[in-house]
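Biologist: Hi! Could you walk me through this structure?
Modeller: Happy to, let's open it up together.

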Amino acid sequence: MADRPALVILTGAGISAESGLPTFRGAGGLWEGHRVEEVATPGAFARDPELVLRFYDARRRALSTVEPNPAHHALARLEAVWDGPFLLVTQNVDDLHERAGSKRLLHVHGELLRARCTICGWADRWTGDLLGVACPSCGRRPALRPDVVWFEEVPIGLERIEAALARCTLFAAIGTSGQVWPAAGFVDRARRAGAHTVELNLEPTDASDRFHEHRFGPASRVVAAWVEELTARR
Ligand code: BJW
């Protein structure tokens, strides 16, 4: 078991950019003039639920118009042939990794295609709009929210991620600015475990100097090439 390389991959909004989903920071990162920090907090939802639900309803609708790109498909291919421990942690709430065929996948910031009730706790898959809709379980309104992790909320699956990072030998971060914690610290945890760390991004980030190796360029190109190299070696 010890000689089988253990891989942890962290993806961010940049991997879905070429599918047509905007990233949060940088050009096009504003939604109706709001920064993500203004619409992705429990405080924003309490103050103005309509604004927040419109933001998520628009993104959920956009999701049905886009497809996984070659970077999502390359990671699914890599998982299929990888014979050691493998975990794909995505910060993305879209379902493009699933649609590409990824299985050992964890949505650390939740999923856009799920909703939950802030009153009775009901939670399930949800593909329609949420604005103006009553909870299917308790009937209250407004009560439903997207089942995603906002600032100040606890990310999902941290124990499983910590266990994977503690034994990983290769860590890659793809298309993430490294500005949001605790995900931004995964590279440091992987390094402490002795892993080789690779950043794949369109351009250098503020976190770049914390990685051993860099591949700069669009994810559709650099991820596919990196996966080719890894699979050719095996
Ligand atoms: C391409 C490309 C192409 C473009 N190819 N690349 C100080 C220290 C530690 C923590 C904190 C701190 N101060 C505050 C905190 C806490 C806070 C935080 O991090 N705040 C920062 C603003 C500083 N974090 C939290 O509150 C988290 N919870 C928490 O800490 O709980 C406490 C706790 C922790 C642990 C145990 C117990 C308790 C929760 C964070 C939740 C983040 N939620 C969001 C919204 C989710 C729902 C939604 O999608 O709407 O998650 S915010 C948003 O940012 C979203 C993303 O997942 C996340 C990360 O963004 P990402 O993916 O990196 O996107 P971008 O846009 O930033 O970058 C895109 C990158 O792609 C760029 O680099 C481009 O170059 C690149 N790119 N095109 C390749 N074609």
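This is a predicted model: local features need pLDDT of at least 70, side-chain atom pairs count only at pLDDT 80 or more; totals for chains, interfaces and linings use all residues.

Biologist: Great! Which residues come nearest to the ligand?
Modeller: There are 35 residues around the ligand, and R25, Y56, R59, S177 and N201 come nearest.

Biologist: What is the distance from an oxygen atom of the ligand to the side chain of S177?
Modeller: An N or O atom in the S177 side chain is 2.5 Å from a ligand oxygen. The side chain of N201 also has an N or O atom 2.7 Å from an oxygen atom of the ligand. For V149 it is the backbone that takes part: one of its polar backbone atoms is 2.9 Å from a ligand nitrogen.

Biologist: And how much of the ligand does the protein bury?
Modeller: On its own the ligand exposes 1500 Å², and the protein buries 76% of that.

Biologist: Which pocket is that space?
Modeller: The ligand takes up the space of the largest pocket. The elements giving two or more residues to the shell around the ligand are α1 (14-17) and α4 (49-63).

Biologist: What classes of residue make up that shell?
Modeller: The shell has 17 nonpolar, 12 polar and six charged residues.

Biologist: New topic! How many salt bridges does the structure hold?
Modeller: It holds 14 salt bridges. Side chains of opposite charge can pair when their charged atoms come close. One of the salt bridges is formed by R104 and E79, with their closest N and O atoms 3.5 Å apart.

Biologist: Why does that pair tie together separate parts of the sequence?
Modeller: R104 is in the loop between α6 (96-100) and β3 (105-107), while E79 is in helix α5 (residues 70-81), so the pair links parts that are 25 residues apart in sequence.

Biologist: Now the backbone. Where are cis peptide bonds?
Modeller: One joins R141 and P142, with omega about -5 degrees. P142 sits in the loop between β5 (123-125) and β6 (144-148). Another joins W181 and P182, where omega is about 5 degrees. P182 is in the loop between β7 (170-174) and α8 (186-192).

Biologist: And what is the phi of E152?
Modeller: E152 has a positive phi of about 80 degrees, although it is not a glycine. Most residues other than glycine have a negative phi, and most peptide bonds are trans.

Biologist: Where is E152 found?
Modeller: E152 lies in the loop between β6 and α7 (158-166).

Note on methods
Residues are numbered from 1 along each chain as its sequence is written. Side-chain values use heavy atoms; hydrogens and water are left out. A residue is near a molecule or strand if one of its heavy atoms lies within 4 Å of it. A polar contact is a pair of N or O atoms within 3.5 Å; within protein, one must be able to donate a hydrogen and the other to accept it, and residues adjacent in sequence count only if both atoms are side-chain atoms. Accessible areas come from the Shrake-Rupley method with a 1.4 Å probe; for residues, only the protein chains shown count as cover. On a 1 Å grid over the protein atoms alone, a cavity is a set of points where a 1.4 Å probe fits but cannot get out, and a pocket is an open set with protein on both sides within 12 Å along at least five of seven lines; lining residues have an atom within 4 Å of a point. A molecule sits in a cavity or pocket if more than half of its atoms lie within 2 Å of its grid points. Helices (H or I, at least four residues) and strands (E, at least two) are DSSP runs, numbered from the N terminus. Ala, Val, Leu, Ile, Met, Phe, Trp, Tyr, Cys and Pro count as nonpolar, Asp, Glu, Lys and Arg as charged, and the others, Gly among them, as polar. A salt bridge is a side-chain nitrogen of Lys or Arg within 4 Å of a carboxyl oxygen of Asp or Glu.
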